[in-house]
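Subject: Structure handover

Hello,

Please find the structure below. My notes on it follow.

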Amino acid sequence: MKSLDIHKSEYLKQFETQTYGRNLFRTQEEERLDAPNEECGIFGMYSDNDLDTFSLSQFGLFALQHRGQEACGISVLKDGKISNMKDEGLVLDVYKEIPDPETFMGNSAIGHTRYTTAGDKKKYNFQPFFAKNEYDQIILSIAHNGNLTNARELKTELEAEGVVFRATSDSEVILRLIQKNLDLGLRGAIKATMEKIEGAYSVVGMTRNKFFAFRDFNGIRPLVLGAVDEKTYVVASESVALDAVGAQYVRDILPGEIIYTNENEPGKLNSYMVNEERGKQRICSFEYIYFARPDSTLENINVYEIREKSGEKIWEQAPVEADIVIGVPDSGVPAAIGFSKASGIPFRPVLIKNRYIGRSFIVPTQEMRERVVNLKLNPIISEIKGKRVVIIDDSIVRGTTSKRLVKILKEAGVKEIHFRSVSPPIIAPCYLGIDTPSKDDLISANMTTEQLRDYLGVDSLEFLSTENLKVILGSSNHCFGCFTEEYPVAKGEEIELFS
């Protein structure tokens with residue numbers, strides 16, 4: 001058997017050229033129904049010199065493709081003019097549709113990969129959002145990752161003041177508030193906006209002569225800062241996007257911090273804390289379990305190491321006798337390697353991926369949709385037939401995908417199945433930028449572990465405890481709302497954002 005270090009190296013290397021897929025057993029339809037879905041990925045860069053912003057923004061957004069696959073967009077600043085391009089589809093497909101790359105080569109760019117959390121899927125909700133002046137020139141553009149909990153109230157206030165909304169996304173509320181307050185200067189406009197909005201938000205943006213980024217007072221959604229050189233800066237949802245453009249990780253943008261450039265000080269990046277007393281670190285714990293790419297570093301914590309430790313910890317919490325350990329690609333593999341290290345039970349990568357399959361099979365029946373999964377992943381039957389198997393998965397949401405996985409293993413002749421989830425039971429939806437099913441559809445909110453074990457048809461079932469998750473993360477300073485139903489900010493109205 002290959003050493004576990006070789007497995008780790010091969011596992012991480014693949015994502016440099018291929019899109020990271022969290023759970024490849026889920027069909028595209030089930031990614032909406034049986035998984036917590038990430039909100040968005042944002043990327044931005046600024047230089048005192050001209051850059052190949054067309055290529056670099058493409059590289060950065062490709063590295064963030066796992067955070068949103070519905071749409072992609074960029075805004076580029078060139079010679080004091082902002083150009084915008086956004087469309088439905090994956091990053092590489094959208095960039096292919098740009099007829100003149102020269103138009104999108106300048107000294108600053110921001111970009112967005114979209115997954116819908118607030119607003120519908122119409123093109124007017126694709127980001128970046130932008131505001132124009134009376135001469136039909138773009139003067140402000142932003143990309144937002146997160147979810148506002150008071151967006152409806154603020155939209156009503158702004159409409160009463162005569163502000164016209166063109167989309168149905170909470171991100172436009174941020175745009176219009178900044179636009180409204182630009183007479184205070186850029187920093188003053190952002191400060192006034194942050195003092196009004198509530199919820200989770202990481203934002204990157206530009207005017208015709210400035211670049212900026214800011215993060216909510218709890219730092220719920222990630223945002224990292226990097227540098228290519230002394231006058232070229234990069235901001236992104238995850239550090240892998242810095243790696244993709246050759247930037248060095250500098251630090252995470254702090255909760256409640258604004259970073260911005262000033263046209264009077266070319267090449268200098270300024271920092272301003274809006275309210276240091278309000279700033280608290282409450283980054284989403286599920287970023288480490290599921291959302292972030294495994295080769296990312298968030299808040300100086302390596303995501304792969306957390307996932308491997310989660311496998312070690314759940315062995316310590318719930319040991320079992322078995323013959324092999326397997327992980328559901330891609331997100332379950334590091335935990336399976338950790339489980340193997342701690343237990344001595346061999347890890348086997350027996351779920352083989354088809355690396356050439358696309359996302360867009362159109363099939364009319366549920367039976368055929370389920371067959372798509374077998375095109376994505378196929379088990380090596382000779383490795384598991386007659387064996388006692390531990391299957392490591394990142395989470396159980398509705399349970400339908402987990403049940404199908406158990407069925408596939410049983411059909412392959414597995415003797416025993418011991419299911420381990422390296423996420424605590426998900427008992428509550430997220431209101432802070434993650435699209436989770438309602439509580440009625442969260443299986444752990446409606447079944448005990450014993451009932452769920454029987455539903456899945458496995459020999460044993462265990463979830464990583466919330467307390468052990470805190471031990472792995474080394475802190476309680478995270479958002480654990482989906483596991484505890486206790487959130488760092490009020491959840492707001494449980495209604496559609498906009499009529």
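The protein has 18 helices and 23 strands; these are DSSP runs (helices H or I, at least four residues; strands E, at least two), numbered from the N terminus. This is a predicted model, in which local features need pLDDT of at least 70, side-chain atom pairs count only at pLDDT 80 or more, and totals for chains, interfaces and linings use all residues. Residues are numbered from 1 along each chain as its sequence is written, and side-chain values use heavy atoms, with hydrogens and water left out.

Overall picture

Of the 499 residues, 58% count as buried (under 20% relative accessible area; exposed is over 50% and partly exposed in between, with a 1.4 Å probe and protein chains only). Among the contacts (heavy atoms within 4.5 Å) with a separation of 6 or more, 72% join residues 24 or more positions apart.

Cys40

The unreviewed UniProt entry places the feature "active site" at Cys40. UniProt positions are in the numbering used here, feature names are shortened, and annotations may be inferred rather than shown by experiment. Cys40 is found in strand β1 (residues 40-47) and is buried, with a relative accessible area of 5%. Beyond its neighbours within four places in sequence, Cys40 is in contact with residues including Arg67, His112, His144 and Ser237.

Aromatic rings

The whole structure contains 13 aromatic pairs. Rings of Phe, Tyr and Trp (its six-membered ring) pair if their centres lie within 6.5 Å; planes under 30 degrees apart count as stacked, over 60 as edge-to-face and the rest as tilted. Trp315 and Phe339 form an edge-to-face pair, with 5.5 Å centre to centre and 80 degrees between the planes. This pair links distant parts of the chain, since Trp315 is in helix α10 (residues 303-317) and Phe339 is in helix α11 (residues 333-343), 24 residues apart. Phe339 is buried, at 0% relative accessibility. Tyr11, Phe15, Tyr20 and Tyr304 form one aromatic cluster.

Helix α17

Which residues of helix α17 (residues 466-473) are buried? They are Thr466, Asn468, Leu469, Ile472 and Leu473. These residues cover an arc of only 160 degrees around the axis, so they lie on the same side of α17; the arc is that of the directions from the helix axis to the C-beta atoms. The face turned away from the buried side carries the exposed residues Glu467 and Val471. The buried residues of α17 pack against α9 (286-291), β16 (301-302), α10, β23 (478-479) and α18 (481-484). Just after α17, Gly474 takes a positive phi of about 75 degrees.

Regards
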